[in-house]
Amino acid sequence: MNTIKAILVLSLPLALSGCLENKKNTDKLCADNPALQCERLNVNDGQCRIPRTDLIWHRFEVLKDPTPVNKIEEYNLTSAYRKCLELASQIQAIDQADLKQRRVNALVNAGEDLKRIATELRNQRTPESLYFLWSQEGDHKARREFLQLEGKPELETAELQYALATFYTSRDREKTIILLNHALELSKPDNINTEILKSLASNYHASGDKEHAYVWAMVGKEYDVPIASESELALMYGFDEEKFEKLDDIAETVVKSIKEGQYRKSIVPNSLK
């Protein structure tokens with residue numbers, strides 16, 4: 001126990017030093033880059049420090065490379081920062097009326113920044129910006145333009161194939177499954193969107209195909225997707241032991257192929273009855 005205490009005591013100055021160093025670096029970044037407009041944020045305030053720092057450094061990336069993808073990430077980080085400020089602005093800071101006002105001002109500024117970013121993305125009609133405008137802003141014109149790109153090279157990425165699949169989820173389950181599989185085929189082994197795995201399991205289950213639903217549930221389990229317990233799975237699917245083993249083997253093959261970047265829809269037999 002004494003050894004653990006000693007380690008904690010020794011490590012505390014290092015942790016504090018790291019925090020101070022990060023703050024020093026962020027302060028310098030703001031000072032060297034006025035275009036970041038850090039003064040519009042609640043700087044020098046312990047509240048919302050992490051989302052604020054993440055936002056500042058990403059805005060620096062946007063300054064260097066103002067792509068729609070980077071701007072969408074800026075929107076997401078600004079939104080997270082704004083949510084934090086909504087809570088922080090309600091905190092009654094004793095004898096610090098100026099601090100509370102700066103939080104409120106930063107909250108208003110964050111709302112304005114979200115509108116600015118959305119406006120900028122409306123002028124950049126890339127597949128990513130079109131999907132963002134449709135999914136986040138409810139822009140029906142953007143949705144039409146995005147859907148018109150179906151089957152074209154512009155949508156041949158894992159992210160955009162998954163985005164396209166979300167449109168068909170309530171319209172065409174078979175097509176949704178095809179698109180989800182293709183999204184997985186295009187995925188990089190170190191960047192697997194687990195929503196694809198969950199969606200495959202749920203879509204197969206909704207269509208009454210318990211065998212494929214089970215396989216994808218097992219694949220999802222390997223990627224830390226929460227699933228039912230073994231006893232619950234046995235009740236839910238009702239397969240005999242031999243069939244469970246067969247489907248587990250298929251799931252293992254799928255996981256191996258995903259990790260090697262070699263997944264293809266043909267790896268899973270069309271019929272598992």
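1. R171 sits over the face of F167, 3.9 Å from the ring centre. A charge counts as over a ring if NZ of Lys or CZ of Arg is within 6 Å of the ring centre and within 35 degrees of the ring normal. F167 also belongs to a cluster, linked by ring pairs, with Y131, W134, F146 and Y168.

2. This is a predicted model: local features need pLDDT of at least 70, side-chain atom pairs count only at pLDDT 80 or more, and totals for chains, interfaces and linings use all residues. Residues are numbered from 1 along each chain as its sequence is written, and side-chain values use heavy atoms, leaving out hydrogens and water.

3. Confidence comes next. The protein chain has a mean pLDDT (the predictor's confidence in each residue, from 0 to 100) of 89, and 90% of its residues reach 70 or more. Helix α8 (residues 173-185) has the highest mean, 97, and helix α1 (residues 2-32) the lowest, 58. Over residues 1-21 the pLDDT is below 50, and this stretch has zero contacts in the model beyond near neighbours in sequence. Where pLDDT is low, the predicted coordinates should not be read in detail.

4. The whole structure holds 12 aromatic pairs. One of them, Y237 with F239, is stacked, at 5.6 Å centre to centre and 25 degrees between the planes. Rings of Phe, Tyr and Trp (its six-membered ring) pair if their centres lie within 6.5 Å; planes under 30 degrees apart are stacked, over 60 edge-to-face, the rest tilted. Y237 and F239 are both buried.

5. Look at helix α5 (residues 127-137). Its buried residues are P127, S129, L130, F132, L133 and W134. Their cover includes α3 (68-88), α4 (97-122), α6 (140-147) and α7 (158-168). Helices (H or I, at least four residues) are DSSP runs, numbered from the N terminus. G138 follows α5 and has a positive phi, near 65 degrees.

6. Where does I267 lie? I267 is in the segment after α12 (241-259). I267 is partly exposed because its relative accessibility is 27%; buried means under 20% relative accessible area, exposed over 50%, partly exposed in between (1.4 Å probe, protein chains only). Leaving aside neighbours within four places in sequence, I267 is in contact (heavy atoms within 4.5 Å) with T253, V254, S257 and Q262.

Terms used. Helix = DSSP H or I, 4+ residues; strand = E, 2+ residues; numbered from the N terminus.
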